[in-house]
Amino acid sequence: MTAVYPIATYLTLTWVLFLLARRPHDIRLRAIVGVVACWAVAYPFQALANDHVTFLGLPPMASRFLQHSLFLIAVNFLIVFFLHSALEEELARRRARWCAVPLGVAVTVLLVTAALTPPSADTNDQSVTSIAVFFLTSNLYVVFGFTLSCVWTLRHARGAEPRLARGLRLAAVGLAGIVAADLVFLPTVLIRWAGGFAPRWFVDIGITLVLLGIVLFLAGVCYPAAGMRVAGLGVWWQHLLLYRRLYPLWTILHERFPQDTLESLPANTLRELYGLRGVHRRYYRRVIECRDGLVRISPYLGCSRRAGLPLAEQLRAALRAHAAGIPAAVHAVPVAIPRAEGLEADVRELVALSDALRSAPR
């Protein structure tokens, strides 16, 4: 879990920054970026404090202060996210301002206790009063913030669409894990402050819970958008396959009716050929051009129809008649008409005709 936590944090930060670049005015997204960014920045200071390293003149206790302060700010960003998700904007802003008060008090206590800690003290030595108060304050604020966020998460999940609801419930499990971890840490701090001994396995349970909780929360945050991307990849793959399967039909119609070609596409770059938008654009263009070509050849197709002859062979005969200049019926006739409404039903008929052309004799 110690190895997964930083990887998950920095990957999630990259993802949410990408989303923020597309929606820079979304205050909820900005709050989530604040949460993940604080966690990402806090991690190096945690490592410095744990290793008792002085970095750029900052003693280990200063690194511990920065780590916990950033973590508490992340908790406050999380509260802001849920307030703006569940309430009207103005009411959410007022509530957020009130929630910033306990944050200011907690950070002030952390600053004072960090300043009062002797430079020679181990930053994890909770038998020292200032360090014990430091950890108690941090843990109490985390319990307050994550409990509030967990309640708001579950409330918001009730009325959300299924994919978002699953992500919110996963995030709520992560938040509950962090609260459980802090409920383990609180008695541990009190025991050590009183001069007792807390078993190492008890502390390890708390550390595992908090790291697992953060990873689950990050997974819940990413799940809705990632789920949409996965679903989008499924549609992309389907459109790419259908685009290729329509090639035989499109080819013979395009050769006979080049004037039906739609406006030119961007250059054949890899992004245009295989990117999400490029594949969708080419797919819809090919469907439209196939249908336009069938409408144009349909009068000739009506002249060439014979009972029992497959439509693919009738189409080839109609195209030969058009090329030879044989007169055709005045009006167009229905060709490859779908049995149901909608684009997908229409495409199924076109693909079936195209597949038949691929295997039919020329």
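**View 1. Trp39, Phe71 and Phe146 make up one aromatic cluster.** The model is predicted. Within this cluster, the rings of Phe71 and Phe146 sit 6.2 Å apart, centre to centre. Their planes meet at 55°, so the pair is tilted. Phe71 belongs to helix α3 and Phe146 to helix α5. The pair links distant parts of the chain, 75 residues apart. Phe71 is buried, at 15% relative accessible area. Phe146 is also buried, at 1%.

**View 2. The largest nonpolar core holds 68 residues.** Trp39, Leu78, Phe146 and Phe217 have the most contacts inside this core. Two or more residues come from each of α1 (4-22), α2, α3, α4 (89-116), α5 (129-158), α6 (162-193) and α7 (200-245). Helix α3 gives the largest share, 13 residues. Another core lies apart, with 26 residues. Leu242, Val287, Leu315 and Leu353 are among them.

**View 3. Contacts of Phe217.** Neighbours within four places in sequence are left aside. Phe217 then touches Ile32, Val35, Trp39 and Leu78, among others. Its contacts also include Ala171, Gly174 and Leu175.

**View 4. Trp15 and Phe18 form a tilted aromatic pair.** The ring centres are 5.9 Å apart, with 35° between the planes. Both residues lie in helix α1, three residues apart, and are separated by about one helical turn. Trp15 is partly exposed, at 23% relative accessibility. Phe18 is partly exposed too, at 39%. The model's aromatic pairs number eight.

**View 5. Val53, Phe55 and Leu56 make a nonpolar surface patch.** The patch covers about 300 Å². Val53 sits in the loop between α2 (27-50) and α3 (60-86). Its relative accessible area is 32%, so Val53 is partly exposed.

How values were computed
Residues are numbered from 1 along each chain as its sequence is written. This is a predicted model: local features need pLDDT of at least 70, side-chain atom pairs count only at pLDDT 80 or more; totals for chains, interfaces and linings use all residues. Side-chain values use heavy atoms; hydrogens and water are left out. Patches are made of residues with over 30% relative accessible area and no salt bridge: like charges are joined within 9 Å, nonpolar side chains (Val, Leu, Ile, Met, Phe, Trp, Tyr) within 5 Å. Accessible areas come from the Shrake-Rupley method with a 1.4 Å probe; for residues, only the protein chains shown count as cover. A salt bridge is a side-chain nitrogen of Lys or Arg within 4 Å of a carboxyl oxygen of Asp or Glu. Helices (H or I, at least four residues) and strands (E, at least two) are DSSP runs, numbered from the N terminus. Buried means under 20% relative accessible area, exposed over 50%, partly exposed in between (1.4 Å probe, protein chains only). A nonpolar core is a set of buried Ala, Val, Leu, Ile, Met, Phe, Trp, Tyr and Cys residues joined through side-chain atoms within 4.5 Å. Contact means heavy atoms within 4.5 Å. Rings of Phe, Tyr and Trp (its six-membered ring) pair if their centres lie within 6.5 Å; planes under 30 degrees apart count as stacked, over 60 as edge-to-face and the rest as tilted.
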